[in-house]
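Subject: Structure for you to look at, with notes

Dear colleague,

I am passing on the structure below, together with some notes on what was found in it. Please read them with the model open beside you.

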Amino acid sequence: MNIINGLLSLLFPTECAGCKRYIKDFKYVYVCPACYDGLRQLQDRICPACAKPIQSEHADGCRECRERGNEFSYVLAAGVFEGALKEMIHYMKFNNKKSAAKVAAGLIMERVDLKIFIGADMIVPAPLSSASSTARGYNQTYEVAKYLSEKTGIPLMQSVRKIKETPAQNTLDRKERLKNLKGAFETKGAVEGKTIIVVDDVFTTGATINEIARTLKKASAMEVRGLVIARSI
Ligand SMILES: [Zn+2]
Ligand SMILES: [Zn+2]
């Protein structure tokens, strides 16, 4: 078995992020065609603001959104943060895989309602702190945003900068995340009156996109929409 895997890895040096089989189809690099087709999309009944699946008949959104009042107008996601998509994002983040960013951008273009791009003035990647982008060598979200900009012709602008180091978000609840992110961003360049698409990898509680949107709107941006690879549900 090891010999076979060894040989395969020489011939096809990529294994599928989902099922771990070796793949050679370049279009689907990091995810084989079967796993790619199987990536779960969000259902029809989702909150129109934060894309969270909802059970109730509330057309005006989920309880969280009604209670908190978002700074962003809405967010769209290419799929659910699980399985092969989760693995792909992990690869992108920690293995410096720019081609995975390209696949992720392709998935977004294929699966979200492209109306999100209508009337948008710029695409802005959610920034990493300078320490984390230096350590990693690149910002995976920037790579995804760059491909989306190339596909749509909407200018890519790094209009938001992270000015405060914040501890990892994933161990914190929403309240702690919000507190953690307070004052973490600042705008760069003119955003006044602009409709802006903020690109991020995963939307969990929405704290990051909300704080970025708050920062942009404080600088007089007109509207902020969120676009992410995956929605954690
Ligand atoms: Zn697979
Ligand atoms: Zn919601």
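A residue is called buried if 20 or more other C-beta atoms lie within 10 Å of its own, exposed if 12 or fewer do, and partly exposed in between, with the C-beta atoms placed from the backbone. Lys218 lies in helix H9, and its C-alpha is 9.8 Å from that of Glu186, a residue 32 positions away in sequence.

Before going further, please note that this is a predicted model, in which local features need pLDDT of at least 70 and side-chain atom pairs count only at pLDDT 80 or more, while totals for chains, interfaces and linings use all residues. Residues are numbered from 1 along each chain as its sequence is written, and chains are lettered from A and ligands numbered from 1 in the order in which they are written.

Overall picture

The chain has 9 helices and 8 strands, where helices (H or I, at least four residues) and strands (E, at least two) are DSSP runs numbered from the N terminus. Of its 233 residues, 39% are buried. Contacts, meaning pairs whose C-beta atoms, placed from the backbone, lie within 7 Å, reach across the sequence: among those with a separation of 6 or more, 70% join residues 24 or more positions apart.

Helix H9

H9 covers residues 207-218, and its 12 residues reach 16 Å from the first C-alpha to the last, close to the 16 Å expected at 1.5 Å a residue; the expected span is 1.5 Å times one less than the number of residues. The helix is mostly covered, with 9 of its 12 residues buried, including Ile209, Ile212 and Leu216. Its buried residues pack against several elements, among them helix H8 (174-181), strand S7 (195-203) and strand S8 (223-231). After H9 comes Ser220, which has a positive phi near 75°.

The sheet

Four strands form an open sheet in the order S3-S8-S7-S4, with parallel pairing, two strands being paired if DSSP finds at least two bridges between them. S3 and S4 stand at the edges, each with a single partner strand, so one side of each has no neighbour in the sheet. On average, neighbouring strands of this sheet are turned by 20° against each other, direction ignored.

At one end of this order, S3 and S8 run parallel and are joined by 5 bridges, and Gly79 has Ala230 as its bridge partner in S8. Helix H5 (residues 98-111) packs on the sheet, touching S3 and S8, and its direction makes about 110° with that of S3. Helix H7 (residues 140-152) also packs on the sheet, where it touches S4, S7 and S8 and makes about 135° with the direction of S7. For these values, axes are lines fitted to C-alpha atoms, for helices over the stretch in contact, and angles run from 0 to 180 degrees between N-to-C directions.

S4 and S7 likewise run parallel, joined by 4 bridges, and Pro125 is paired with Val199 in S7. From S4 (residues 122-125), Met122 and Val124 point one way and Ile123 and Pro125 the other, and all are buried.

Domain 1 (1-38) and domain 2 (42-231) each give at least three residues to the core, the domain bounds coming from an automatic or database assignment. Leaving aside residues up to four places away in sequence, Ala104 touches Met88, Met92, Val144 and Ile229.

Loop residues

Which residues does Lys52 touch, not counting those up to four places away in sequence? They are Ile46, Cys47, Cys62 and Ile233. Lys52 sits in the loop between H2 and H3 and counts as buried because 20 other C-beta atoms lie within 10 Å.

With regards

How values were computed. Contact = placed C-beta atoms within 7 Å.
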